[in-house]
Amino acid sequence: MAMYEYESLNKQFIDGEWVSGTGTTVLVDTNPYDDTVLTKLQGATTADVDRAYAAAAAAQTAWAATNPFERRLVLENVVREVETHRADIARLITEETGGTVIKTAVEIDLALQMLREAVTLPVRMEGRIMPSPLPDRENLVYREPVGVVSVIGPFNFPFLLALKSVAPALAVGNAVVVKPHEQTPILGGTILAEIFRRAGLPDGVLNVIVADIAELGDSFITHPIPRVISFTGSTTVGAHIGEVAARHFKRSVLELGGNSALIVLEDADLELAVDAAVFSRFTHQGQICLSANRLVVARPVYDRFVEGYLRKVESLPVGDPRDPATIVGPLISDRQADTVESLIEQAIAGNATALVRGVRSGRVLAPTVLAEVTTDMPISREELFGPVALVMAAGDEDDAIRIANATPFGLSGAVHSRDIDRAIRVARRIDSGMVHVNDGTIHDEPNVPFGGEKSSGVGRLNGESSLAEFTTLKWISVNRGRRQFPY
C-alpha cells in the first residue's frame, strides 16, 4: 500500500494539523500528461497565512534552543523516510510534474544529497572570538538562526527545490512556512510537511500554505514575521519579490531563470559534447533553469557537431512519462506549450531555420532545433522552458564568449575543449554563477555555492552558502575590566 496518497495530503498544514483552507478558490491538481484530476485543495487566505506564521514564530524559539545533535537526528529521520518511500515519491513526481523515469531519479537523488548535507549543518553553527583594540575586552560573534523563513517553490523540480531551502533553514534552527507552486502543491509542499512530521519535527516548526496567489497578493511576503524569503522561479516574479522584500527590510534569496550557453570549441571531444548538449536541453522537456538553450559551436566543427546532434535528437522517445523509455514528456500546462510554440514561430518568421521541427500532441512537444539564430532575436535572449535548442556558430573563442554573454541571464554554462586550462579560461569569462567544463549545464552538488548572476538571481544555496543565507551574526562584546568613558 502506498504511504503517500493525494487525499491525505490535500489540505493546509498549520501548527501540526491538517486543516482546510478558508478561501473560496478550489485548486485542481492535474496530471499534465493526460489531465487526470489528482486531487483538489481548498485554497488559503491571508487569515490562514497569519495562523501559519504565528505558529512558526511560536515554535521557533524552542526549536532553535534544541540541542543541535537532536535537530540532526530529525534530519537523519527525514533521509530515511525519503529512502524508504522512494517509489511512492517517484510516482508522485511522474503524475504531478509529468516527469520521466530519468527525471524522477535525478530529482530524488539530488534531494537525498541535499538532505544529507543539511544533516551536517546543525553542528556547523560555529561562533568566533575576535580581538578588541580596547583593554580587558573580548568580542563574541554568535551565528544565530534568522527566526522564520518563507519558502516559495517552482513547479519543475518542486520536491528538490523546496527541500533545497527548507532542509537547511530548519537544520540551523529556523521555523519555515512553505508556499508551493499551485500546479505542484503536493510535491512542493504538503508531502514535505508529512515527511518531516513523521521524522519527529515538532508541531509548528514547518507549515505549508497552498493558495492561488491572486487571493493572497503580496501578504505572504509582506507579513511582519518572516525575515528571509527564499524564492525559486521566474525572473519576473523574483524581481517583484525581491523589491517587495527589500521595502520591508527582509533578506531575499532568489534562484531565478537561466539562458545557458554550452560552448563547443574546435578541439572538443564532439561525441561527448553532443551527449552533454542533448542531456542539457531535453531533460524534463527543457523545463529546467539550468538547461542549455544555446549551443555555441566553433565553425570548424559546426557541421560535424550538428550532424551528430540532430541524429541523437531525432532518436529521442517522446510521449507518456510513465514509459521508462520516454525522454521527452509533457510540458506542465497548455499555457507553457503555447508560449514555447509561439517563440518557435516567431524565430522562424525572423529567418531562423528549423533543422528539426517538433510536432505537438496535447502538451507533449517533440524536440525542435533551430539554426541561423542571432543574438538579437528574442528566442536567443529569453529563457526557453521547453524542448527547443538553438545552434549558433562562433567565429573564434572571443566570439563564442560574446554570444554566451549576450543575454540578461547568468545562471549556468558549459565549455567543451580537450585543453582543460583553456576551457577554464573561457569559463571564467562567462558571466554566469556556474560553468562546467566538459560536462552539461544541468548539474548540482550539495556542498557547492549554487546561484546566478545578473537576472538569474541573488544569493547562493547549498552547504556553507545555505548556512550563511539562513542565519545571522550577533556581536556581543564583553568588558572584563573597568571601562573609562570620556565624561
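Author: Happy to! Let's start with Arg480, which is exposed at a relative accessible area of 61%; exposed means over 50%, buried means under 20%, and partly exposed lies in between (1.4 Å probe, protein chains only). Before going on, note that this is a predicted model, where local features need pLDDT of at least 70 and side-chain atom pairs count only at pLDDT 80 or more, while totals for chains, interfaces and linings use all residues. Residues are numbered from 1 along each chain as its sequence is written, and side-chain values use heavy atoms, leaving out hydrogens and water.

Arg480 pairs with Glu138 in a salt bridge, 2.5 Å from N to O; the term means a side-chain nitrogen of Lys or Arg within 4 Å of a carboxyl oxygen of Asp or Glu. This pair links distant parts of the chain, 342 residues apart: Glu138 sits in strand E6 (residues 137-145) and Arg480 in the segment after strand E24 (471-479). Those labels are DSSP runs numbered from the N terminus, with helices (H or I) having at least four residues and strands (E) at least two.

Next comes Glu266, whose salt bridge with Arg422 has its closest N and O atoms 3.1 Å apart. Here too distant parts are linked, 156 residues apart: Glu266 is in the loop between strand E12 (260-264) and helix H10 (270-282), and Arg422 is in helix H15 (residues 420-428). Arg422 is buried at 12% relative accessible area, whereas Glu266 is partly exposed at 39%.

Salt bridges can also join up: Glu81, Glu194, Arg197 and Arg198 form a network of them. The structure holds 30 salt bridges.
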